[in-house]
Amino acid sequence: MVHHGSCLCGAVTLQVDGDIPAPDACHCTACRKTSGHYFVSTDVKRAALTVIGAEQVSWYQSSEKVRRGFCRICGSTLFWDPPAHIDWIGVAMGVFDGPSGTQMHIHIYVSEKGDYYQITDGLPQADTTPQ
Ligand SMILES: [Zn+2]
């Protein structure tokens with residue numbers, strides 16, 4: 001199974017080989033600001049991810065340990081990239097075309113969530129990233 005995705009303008013396209021791991025929804029302030037709401041992403045093994053048009057990805061170092069990738073042309077949020085010695089990278093769920101075949105499994109950093117919505121889907125909620 002191969003899943004395809006792209007940014008809004010199509011300058012960056014990607015392919016994930018295999019199943020898309022269950023995504024999480026992060027409600028932290030940084031994810032809310034960069035995504036415009038809360039940020040749902042899947043942690044994909046780096047070896048399973050192919051990015052075409054990677055030269056169009058701009059990176060913003062949002063903290064000492066994390067950089068966030070977005071399309072330099074259309075601004076689409078694409079990646080959440082932790083230190084390179086971790087073998088996975090977060091890919092924004094919004095980039096995928098067609099059925100993802102997966103389901104969100106947890107909300108994280110819920111203590112920083114906005115006051116304008118409620119979490120009512122019954123999924124687990126955590127105040128930090130589960131280790
Ligand atoms: Zn784009």
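Predicted model: local features only at pLDDT ≥ 70, side-chain atom pairs only at ≥ 80, totals over all residues.

Student: Then is Asp 81 buried or exposed?
Tutor: Buried, because its relative accessible area is 7%.

Student: Where does Asp 81 sit?
Tutor: In strand 8, residues 77–81.

Student: Which side chain does the Asp 81 side chain make a polar contact with?
Tutor: That of Arg 46, at 2.9 Å.

Student: And what else is Asp 81 in contact with, leaving aside neighbours within four places in sequence?
Tutor: Besides Arg 46, the list has Trp 59, Lys 65, Val 66, Arg 67 and Ile 89.

Student: Switching to the metal. What coordinates the zinc ion?
Tutor: Four SG atoms, from Cys 7, Cys 9, Cys 71 and Cys 74. The distances run from 2.3 to 2.4 Å.

Student: What geometry does the zinc site have?
Tutor: Tetrahedral, with angles of 106 to 114 degrees among the four donor atoms. For reference, the ideal angle for four tetrahedral donors is 109.5 degrees.

Student: How are the donor residues spaced in sequence?
Tutor: The pattern is C-x1-C-x61-C-x2-C. Cys 7 and Cys 71 link distant parts of the chain, 64 residues apart. Cys 7 lies in the loop between strand 1 (2–6) and strand 2 (13–17). Cys 71 belongs to strand 7, residues 67–71.

Student: Why does Cys 7 count as buried?
Tutor: Because its relative accessibility is 3%. Cys 71 counts as buried too, because its value is 1%.

Note on methods. Residues numbered from 1 in each chain as written. Heavy atoms only, no water. Donors = N, O, S within 2.8 Å, 3.2 Å for Na, K, Ca; no water. Tetrahedral: all angles 85-135°; square planar, octahedral: opposite > 155°, others 65-115°. Helix = DSSP H or I, 4+ residues; strand = E, 2+ residues; numbered from the N terminus. Buried < 20%, exposed > 50% of the residue type's maximum accessible area, 1.4 Å probe, protein only. Polar contact = N/O pair within 3.5 Å; in protein donor to acceptor, adjacent residues only side chain to side chain. Contact = heavy atoms within 4.5 Å.
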